[in-house]
Amino acid sequence: MCAGAPLDENAYAYLLGLYLGDGHIVRARKGTYLLAIYCSAIYTDLVEECRSSVRAVFPVKPFTREKPGCTVVQAVSKHWPCIFPQHGPGPKHSRLIKLDAWQQEVVRAHPQQLIRGLFHSDGCRATNRVRRMVSGEWKYYEYPRYSFSNTSKDIHTILGDTLDQVGAKWKLVWVPTKAAHHQDTGTLSVAKRDSVALLDTFIGPKS
Ligand SMILES: [Zn+2]
């Protein structure tokens with residue numbers, strides 16, 4: 001960006017998804033910034049891909065910190081705000097999250113990687129099992145679906161637009177919170193069989 005160096009766009013689109021879902025940038029010492037991406041500790045492949053994407057996007061040495069149930073992938077650089085211009089004070093739902101023109105271009109070229117990153121951070125692939133009586137017998141059916149939960153309307157817009165681009169059908173439902181100091185959460189789900197099959201070609205269950 002600021003250095004004019006070539007960008008690994010594939011890794012960037014994935015990391016952007018992780019960052020928008022579960023990442024933070026905070027000011028550190030001497031004009032540097034700390035990028036922190038929270039991953040579930042049980043998904044070791046995902047943690048590894050997060051680390052390698054950080055390295056591919058910028059020549060830094062990521063390090064990890066263990067927290068209860070989660071592994072935080074971190075890296076220090078002066079340039080995180082150039083790489084993720086969505087950086088700003090306060091939680092993401094309280095500020096405008098809009099991709100810059102160059103980021104939109106990267107996402108248009110690598111939509112699947114952004115979608116993967118978002119579902120890998122704040123999403124999951126789960127299977128609903130339902131029981132139906134068919135000619136006097138109970139039959140069990142499984143319906144896999146993808147869902148993504150986040151409190152930022154802007155991030156839902158980015159995901160929805162990108163799913164439209166690849167041709168996946170989705171639905172977004174907002175559940176109002178009753179708790180004080182909590183935000184309403186929007187859950188986007190992809191449940192239509194064809195669309196789930198499409199996402200399975202490039203996402204699949206987390207591991
Ligand atoms: Zn910079």
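Let me begin with the overall layout of the chain, for which the domain assignment gives domain 1, covering 9–107, and domain 2, covering 121–200. Please keep in mind throughout that this is a predicted model. The C-alpha centres of domain 1 and domain 2 are 24 Å apart, and the contact between them draws on 12 residues from domain 1 and 11 residues from domain 2.

Now to the interface itself. The size of an interface is often expressed as the accessible area that is lost when the parts come together. For domain 1 and domain 2 the buried area comes to about 930 Å², and carbon and sulfur atoms give 59% of that. Between domain 1 and domain 2 there are 0 salt bridges, while 2 residue pairs, both at pLDDT 80 or more, are in polar contact across the interface. On the side of domain 1 that touches domain 2, the largest share comes from helix H1, residues 9–22, with 5 residues, and the residues of that side divide into 6 nonpolar, 3 polar and 3 charged.

Is Asn150 buried or exposed? Asn150 counts as buried because its relative accessibility is 8%, and the cut-off for buried is under 20%. Leaving aside residues up to four places away in sequence, Asn150 touches Leu20, Gly21, Asp122, Ile155, His156, Trp174, Thr185 and Gly186. Finally, a polar atom of the Asn150 side chain lies 2.8 Å from the backbone nitrogen of Ser152.

Definitions and conventions. Residues are numbered from 1 along each chain as its sequence is written. This is a predicted model: local features need pLDDT of at least 70, side-chain atom pairs count only at pLDDT 80 or more; totals for chains, interfaces and linings use all residues. Side-chain values use heavy atoms; hydrogens and water are left out. Domain bounds come from an automatic or database domain assignment. Contact means heavy atoms within 4.5 Å. Buried area is the accessible area (1.4 Å probe) that two parts lose on being put together, summed over both. A salt bridge is a side-chain nitrogen of Lys or Arg within 4 Å of a carboxyl oxygen of Asp or Glu. A polar contact is a pair of N or O atoms within 3.5 Å; within protein, one must be able to donate a hydrogen and the other to accept it, and residues adjacent in sequence count only if both atoms are side-chain atoms. Helices (H or I, at least four residues) and strands (E, at least two) are DSSP runs, numbered from the N terminus. Ala, Val, Leu, Ile, Met, Phe, Trp, Tyr, Cys and Pro count as nonpolar, Asp, Glu, Lys and Arg as charged, and the others, Gly among them, as polar. Buried means under 20% relative accessible area, exposed over 50%, partly exposed in between (1.4 Å probe, protein chains only).
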